[in-house]
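Take a walk through this model with the structure open beside you.

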There are 2 protein chains.
Amino acid sequence: MSYRLYYWPGIQGRGEFVRLALEEAGADYVDVARGSDEAGLGLPAMFRRMEKGRGASLPFAPPFLEDGDLLLSHVGNILLHLGTKHGLLPGDPALRLVAHGLQLTIADLVSEVHDTHHPVATSRYYEDQLDEAKAKAAEFRRDRMPKYLGYFETVLERNPAGSDHAITGETTTVDLSLFQVMEGLSYAFPRASSNLASLYPNLSSLRARIRARPRIAAYLASERRIPFNEDGIFRRYIELDGDPS
Amino acid sequence: MSYRLYYWPGIQGRGEFVRLALEEAGADYVDVARGSDEAGLGLPAMFRRMEKGRGASLPFAPPFLEDGDLLLSHVGNILLHLGTKHGLLPGDPALRLVAHGLQLTIADLVSEVHDTHHPVATSRYYEDQLDEAKAKAAEFRRDRMPKYLGYFETVLERNPAGSDHAITGETTTVDLSLFQVMEGLSYAFPRASSNLASLYPNLSSLRARIRARPRIAAYLASERRIPFNEDGIFRRYIELDGDPS
């Protein structure tokens, strides 16, 4: 049976971290909200599914994933499930939790990226919180982005199995997600990201390797990969990217 | 062997969600940074431990928990581990992931509470981001807090095993964490929280039941429970709590 992924159509957003894992796994999945109403898919199907969750299975927000009877919310949680099933996380349960910790740090980074353009309220227009966004983005570029990327660079550097992966000597959902983070930051902050390759050589070569993996390369070249745009998490707003150097 | 919990001394903060689980489990643990330098504990011990993490075990930020050779970061991840070991999560692995999803929604709520007083930069003084904090807190009180609490109220309401618990008919780390959220919101936003009992009857009675559990009651009465204060996540700043009604 196919997985059913529920996420906003038209953006990569948080759903993209799940899509990359599904694609790398070669898993069969339906991207529900991107389907047509006629096929019983589309946004109405997503809203219906959100409403009918029983108790703890009620999702707070997309993305969520349906795997048979199981409905899981949160990117990290979904990837813990998919990674375990599809060999994209360590087989050792203890190491799997360690990997999950990295994944949750990535989730925090993604939230901070979101807050660079919506520091006050997700529900309000970007233009109505522009001053706050400029302050938040400046802080992100100066302090948070180097802190996060420096951290992951060190994680790669110190991996006893070699710096090609975040954990163990195999490709995990963490590696796939770090690829997406590097892609997203380069898209959203081209100036602030201009020297990523020299500052973070391990992350940069990981990014190149993931991009070249056959299933990921095929996915990126397909229509299933939505281009970055200014409705997603990683948005290119030149005024949030600092002064030209 | 004891667990070793690493978190900032002097605040409840995110560490408190872990402390509540350790206390309810009756687990033996050392709250490392709160110990004395002479005993090889205190903040220097925490910083030393942060530095020496190998690869993926390198913590990004406190809290982190040491369980023998295992070092785990992130509240949700630590609770997934502790809850599994100590019967504070469902025995069924699928339900455990569903519970973990709830825990990650709580983590998001906690981050939003933090951002009400530090919307621009964690590294800067509250006073230097006061205007932004007022805007963020107003949004939180009006939109986000009801959204989160309404969501958890519905989760309790729809629990097929009864509304006394978030998931299954047993006490889980999710219940303990919801108790802490209710305590924290009531402390930080006394005006905005004045009607929690009538708006969220299930959450309110869960809160009372958790507070009365013998180990939790003993913990709350002990010196191990740090009082809420204005260095933690839940801070009482009257100017962030809206107008008197």
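This is a predicted model: local features need pLDDT of at least 70, side-chain atom pairs count only at pLDDT 80 or more; totals for chains, interfaces and linings use all residues.

Residues are numbered from 1 along each chain as its sequence is written, chains are lettered from A and ligands numbered from 1 in the order in which they are written, and side-chain values use heavy atoms, with hydrogens and water left out.

Confidence comes first. The pLDDT (the predictor's confidence in each residue, from 0 to 100) has a mean of 96 in chain A. In that chain, 100% of the residues reach 70 or more. For the complex, the predictor gives an ipTM of 0.97 and a pTM of 0.97.

Next, the helices. Helices (H or I, at least four residues) and strands (E, at least two) are DSSP runs, numbered from the N terminus. Two packed helices are described by the angle between their axes and the distance between the axes. Axes are lines fitted to C-alpha atoms, for helices over the stretch in contact, and angles run from 0 to 180 degrees between N-to-C directions. Angles under 35 degrees count as roughly parallel, over 145 as roughly antiparallel, 65 to 115 as roughly perpendicular and the rest as oblique.

Look at chain B. The axes of helix α4 (residues 93-117) and helix α5 (residues 130-158) come within 9 Å and cross at roughly 160°. Therefore α4(B) is roughly antiparallel to α5(B). Contact means heavy atoms within 4.5 Å. Among the residues that make it are L102(B), I106(B) and L109(B) of α4(B), and F140(B), Y148(B) and F152(B) of α5(B). Classes work as follows: Ala, Val, Leu, Ile, Met, Phe, Trp, Tyr, Cys and Pro count as nonpolar, Asp, Glu, Lys and Arg as charged, and the others, Gly among them, as polar. This contact of α4(B) with α5(B) has 11 nonpolar, three polar and five charged residues.

Helix α5(B) also packs on helix α8(B) (residues 201-212), at about 80° and with the axes 8 Å apart. The two are therefore roughly perpendicular. Their contact includes L149(B) and F152(B) of α5(B), and L203(B) and L206(B) of α8(B). It has six nonpolar, one polar and two charged residues.

Switch to chain A. Helix α1 (residues 15-25) and helix α9 (residues 214-221) pack at about 125°, with their axes 8 Å apart. That makes α1(A) oblique to α9(A). R19(A) and L20(A) of α1(A) are among the contact residues, as are I216(A) and Y219(A) of α9(A). This contact has four nonpolar, no polar and five charged residues.

Finally, the backbone. Most residues other than glycine have a negative phi, and most peptide bonds are trans. A cis peptide bond joins P62(A) and P63(A), with omega about 0°. P63(A) sits in the loop between α2 (42-51) and β3 (64-67) of chain A. In chain B, the bond from P62(B) to P63(B) is cis, with omega near 0°. H74(A) is not a glycine, yet has a positive phi of about 80°. Find H74(A) in the loop between β4 (70-73) and α3 (75-85) of chain A.
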